[in-house]
Amino acid sequence: MVKSQRPPSGRTNLASCIVATIFLIFLVIIVLIVYFTVFKPKDPKIYVNSIQLPSFSVGNNSVSFTFSQYVTVKNPNRAAFSHYDSTIQLLYSGSQVGFMFIPAGKIESGQTQYMAATFAVQSFPLAQPNQAAAATTIPIPGATTTVAATMTEPVGVTAGFGGGNNVNRVGPTMEIDSRMELAGRIRVLNVFAHHVDAKSECRVTVAVNDGSVLGFHC
């Protein structure tokens, strides 16, 4: 006589479901650990290498110039960074005096790209002495105080701020703010898209008599 086989018991099915659930949970934990340690999106970094004013003109209490900024952009992600909505903005005494769109581009995974932006700034009036005095301060690294600079009083640039050949230059100065932003996205594992952006903001001190860049602090 042949005995019929009994179907699997309910306990066996329950044990199989528990094992499968534990395995899936373990797998999800491993994926999350890998994602947050290896593939987690990070904002690219902007390092300002140089700021120059190739041309500079002053007259009738107004200035106009050409502005050039040279930067290094580092993409620390394991995916390419595609930037498409990027700008550089110049401000003087809180008002915008210059603006430029940065062409779209791509920085590959872990790569560094050198970028340069040059554009003309139309003539704008210099601030009155009392306004400049209120808006302009020069921080000195390592010091506990700041030195106020106005458009009418001579200001010497100390070593360590700007450096180079201009440390002994004196005369009226002006300060402009440069704001650069690279906005875009990265695609993790070619599936998940994440918005990231890189920003830099620098205060630039310029000699009014000849347009020399005395220094910048970012």
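Guide: A disulfide is a pair of cysteine sulfur atoms within 2.5 Å. This structure is a predicted model, and it holds one disulfide.

Visitor: Which cysteines does the disulfide join?

Guide: Cys202 and Cys218 are the partners, with 1.8 Å from S to S. The pair links distant parts of the chain, 16 residues apart. Cys202 sits in strand β12 (residues 192-207), while Cys218 belongs to the segment after β13 (213-217).

Visitor: Is the link of Cys202 and Cys218 right-handed or left-handed, and what is the angle about the S-S bond?

Guide: The link is right-handed, with 105° about the S-S bond.

Visitor: How do I read accessibility: is Cys202 buried or exposed?

Guide: Buried means under 20% relative accessible area, and exposed means over 50%. Cys202 has 1% relative accessibility, so this residue counts as buried.

Visitor: What does Cys17 count as?

Guide: The class between those two cut-offs is partly exposed. Cys17 counts as partly exposed because its relative accessibility is 48%.

Visitor: Which side chains make a polar contact with that of Glu175?

Guide: For a polar contact, look for a pair of N or O atoms within 3.5 Å. The side chain of Glu175 makes such a contact with the side chain of Arg203, at 3.5 Å. Another polar contact, of 3.3 Å, joins the side chains of Glu175 and Thr205.

Conventions: Residues numbered from 1 in each chain as written. Predicted model: local features only at pLDDT ≥ 70, side-chain atom pairs only at ≥ 80, totals over all residues. Heavy atoms only, no water. Helix = DSSP H or I, 4+ residues; strand = E, 2+ residues; numbered from the N terminus. Buried < 20%, exposed > 50% of the residue type's maximum accessible area, 1.4 Å probe, protein only. Polar contact = N/O pair within 3.5 Å; in protein donor to acceptor, adjacent residues only side chain to side chain.
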